[in-house]
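Dear colleague,

My notes on what was found follow it, and I would be glad if you read them with the coordinates on screen.

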Amino acid sequence: MAVKTEELVLNMGPQHPSTHGVLRLELELEGELVKSVKPHIGYLHRCFEKHAEAMTYPQIIPYTDRMDYLASMYNNFGYALAVEKLMDIEVPERVEYIRVIMGELQRIASHLVAIGTYGLDIGAFTPFLYLFRDREKILSLFEMTCGARLLYNYIWVGGVSHDLHPDFLRLTKEFIEYFRPNVDEINNLLTFNKIFIERTANVGVLPLDTAINYGMTGPNLRASGLKFDLRKDDPYSIYDKFDFDIPVGEGMVGTVGDCWDRYFVRVLELEQSLKIIEQAIEQIPDGDVTAAIPKRVKPPKGSIYTRVENPKGELGYFIISDGGLNPVRVKVRAPSFVALSVMDELCKGALVADVVAILGSIDIVLGEVDR
Amino acid sequence: MRTPEEIYEMLKNQFSDSILEFESELPVEKFINVSPSQIHSVSKYLKDHLDLQFDCLMCLSGTDDNNDEKTTDEDGNETVVPGTLSVYYNLHSIKYNHKVNLRVKVQKDKPEVESVENIWKTANWHEREAFDMIGIKFLNHPDLRRILMPEDWEEGSHPLRKDYENPEFYQGMKVPY
Amino acid sequence: MQDFLIELIGNEILALVIASALPLAFIVPFVIIAVWLERKVSAHMQDRLGPMRVGWHGLLQTVADFFKLIQKEDITPSLVDKKLFNIAPVIVFIGSYAVFAALPFTSTYIGMSLDLGLLYIIAVSGIVVAGILMAGWASNNKYSLLGSMRSAAQIVSYEIPTAIVILSLVMFTGTLSLSEMTELQTAYFWNWNILGGAEWNLAKFLIIPFMLIAFIIFYVSSLAEVNRTPFDMPEAESELVGGYHTEYSGMKFAMFFLAEYANMFAVSAIASVIFFGGYHSPIGYLGDLFGIEALIPFEQLFWFASKGIFFVFVQMWLRWTLPRVRVDQLMTICWKYLIPFSIVNLIIIGIITLI
């Protein structure tokens, strides 16, 4: 007589150390093998889109900060670009350079958190704190520029709120000098650690066609082997002026598109961002950063979808204007939101420990998933 | 690389005119209006056609078009003629690097649109969100549940509708606290 | 030891109580220092300071934490199996405490000088598994259950390589008694088992590499047995929240905590006894030098504790450096690598001992 067996339903989160915020995953287990994953989101839903309908265009910017709170600068950036495109505003060149420098610093900061917390998920505590030490330095640079360390409200429609601090460029250069060797430190400490590779290589493999079909973007898509970066393939701002590479997953220690690749693409991107910042510091012109800020932001009737390469992937703003002071609709295409929907596909047949590894590798921020 | 106009021409040759409409008078982005019952076949065509290959659904947004018509008769009674809801699809082809925007308009009292979930998996969650927030029902969607709002949120109450009003109670708790 | 106490006090029961409570006088201060050390070690490895406020460099932080823990409400969740839930921490603690009975702290103090000391230690440390399983089951929490299942599988599996290594040492020294094994290694480090024991012959030099392998196998599997990183599956924080002690709070949690650190010291102590001369000084005794006999036991206690604490430090070092392996990989390491290697090693050590 066969023994009657039942699947174990394990509820992971919303209070769980590795769900990167308040995410609830409903795991259906057979022993320790995962049969299906059902993500439940919405615990951090702060009605961004509803709020946006009642705000004027500049008032929305602080709200965009709070979506992907690890990459606030880039959220401002994307939003400002969308409204500028809608209103057809030409921003001064200096502003473009400042935005790119800020954006790339933010990318480094965001990737540092992603890499560090990923180590934490795998059980390595120490790299996390090393990376946070470096991130603090970037946050200090931001603080010096706009007074805030996490939620900046810095990039405005048509410009930026303040010009750079006189020491900013020098200190940024110093930071680059300081930070560059630390990338090797990360690699020695974590990336090429045998246990780390064992845990992440060949785990959660995302084939390219699945990745595209699920709308994965950013490092997650590149790790699956597609050289696609909006900064190169759909250039916005002044990214076409810089020379940088797009790292893609190569399956160096496992299969293309596994957790290790997704992790390593982020590590490689640190170097590319440093390269962009260096070039931008060399070329930055003088100018008035607030000159093009419109007195009244009142875009014409119409709709626009603008996308930028946020550290997590493609951040899109879909804005519909009826010609008034408030938008009719602001929809955010959040990269984490889209990336999270692939969880079920990735986790089938994995172990419980792998779920943590996979969730960490797609690098989600719940503030952005729930908005 | 094809412009939206060319894509519109191609679609017009494939499908009858009645389901399509090109909207280009707006200053910023052009889009093609598609009838709700045909969006699936149009999407499939756009994705599978070798010269188009729209393999990436960048964004899918549901909106309330804010066009309810209110009329007040002599006695002061208001009658509301419900307006329309829309779903916007922003498509992109990685291979050809071209984009096209589609729009589906439905009446508020019968907001039913065909799902494109089995063409682009991205649509799964985005459609759930549009359902949750705007109340558009996607036909043939495998798992149409609320996504951001609590699962037990009041039936038929969709926060992003322009005529939405905060409920007084949620599960016995007073809402405006 | 008991005989001495019975003579001293004259009451057998009282003497036994005192004798059995004595290791506690060692464990509690040790845990206090070890927890502080763990924090400091991790902090300094991670470029931060760690506790600094309570006492000199936060030395009294653990004491403060301990007081916090005993003040806490002892929560028993409503749906747990109350009997098992309350017994489990006690059993886990007994399991690790009983080990201390057979440890030779000095040549004059050993809780119970058993002829079968090593066998006894292997046996009683098995009790811990029962306690952990009870805790996981009784908690009525899926995470706890998964954690305790993992833990049981892990500890049972890793006892095999541990036992085989101990067996090879037993073959080599010809004794199961820990105090006898320590005595055989005498003072001075070149007489330690890891360096081929006290007898000067060809076998001593032949055996050194195999002793090293045996030590590595022993240390790795002992890490797994006390659930330390990289083998801390049962309480894998990022996966299973707290593992089997998720639902525990207050004193019961403190019991698990105490048992964990006691265990860490116990395995380190065993490693030092069977490989590194136990309580013997590596460089001779001051007591011998100055002719003060009474000094020697204290020196021995010092060496015993420092060797133990050194290995505890290595455990911490590993914990804050390495990521965690996965359950199946953990089993692979044990069954595919450690056990075959330890068996081959056993055979080789046996052959060398014979010639």
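Predicted model: local features only at pLDDT ≥ 70, side-chain atom pairs only at ≥ 80, totals over all residues.

Chain B and chain C do not touch, their nearest C-alpha atoms being 24 Å apart.

The interface of chain A and chain B

On this interface, 39 residues from chain A meet 38 residues from chain B, and the area buried between the two chains is about 3,400 Å², with carbon and sulfur atoms giving 59% of it. Four salt bridges are counted between chain A and chain B, and one of them joins the side chains of Lys99(B) and Asp234(A), with 2.9 Å from N to O.

As for where the chain A side comes from, the elements that give two or more residues to the side touching chain B include strand 3 (33–40), helix 1 (48–53), helix 8 (208–213), strand 7 (313–321) and helix 12 (335–340) of chain A. The largest share, five residues, comes from strand 6 of chain A, which spans 302–310. Taken by class, the residues of chain A that touch chain B divide into 17 nonpolar, eight polar and 14 charged.

The interface of chain A and chain C

Here 33 residues of chain A are in contact with 24 residues of chain C, and the two chains bury about 2,400 Å² between them, 59% of it on carbon and sulfur atoms. Two salt bridges are found across this interface; in one of them the side chains of Arg326(C) and Asp354(A) meet, again with a distance of 2.9 Å from N to O. The count of residue pairs in polar contact between chain A and chain C is ten, with both residues at pLDDT 80 or more.

Strand 1 (8–12), helix 4 (93–122), helix 5 (126–146), helix 7 (194–200) and helix 14 (352–361) of chain A each supply at least two residues of the side that touches chain C, and strand 1 of chain A gives the most, with five residues. By class, this side of chain A has 20 nonpolar, seven polar and six charged residues.

Within the chains

Over all chains, the structure holds 48 salt bridges.

Chain B has three helices and eleven strands, and from the N terminus on its elements run α-β-β-α-β-β-β-β-β-β-α-β-β-β. The C-alpha atoms of chain B fill a box of roughly 55 × 40 × 25 Å along the principal axes.

In chain C, the axes of helix 4 (residues 82–101) and helix 5 (residues 117–125) come within 8 Å and cross at roughly 170 degrees. Because angles over 145 degrees count as roughly antiparallel, helix 4 of chain C and helix 5 of chain C are therefore roughly antiparallel to each other. Their contact is made by Gly95(C), Ala98(C), Val99(C) and Ala101(C) of helix 4 of chain C, together with Tyr120(C), Ile121(C), Val124(C) and Ser125(C) of helix 5 of chain C, and these residues divide into six nonpolar, two polar and no charged.

With best wishes

Terms used
Residues numbered from 1 in each chain as written. Chains lettered and ligands numbered in written order. Heavy atoms only, no water. Contact = heavy atoms within 4.5 Å. Buried area = accessible area lost by both parts, 1.4 Å probe. Helix = DSSP H or I, 4+ residues; strand = E, 2+ residues; numbered from the N terminus. Nonpolar A, V, L, I, M, F, W, Y, C, P; charged D, E, K, R; others polar. Axes fitted to C-alpha atoms, helices over the stretch in contact; angles between N-to-C directions. Parallel < 35°, antiparallel > 145°, perpendicular 65-115°, else oblique. Polar contact = N/O pair within 3.5 Å; in protein donor to acceptor, adjacent residues only side chain to side chain.
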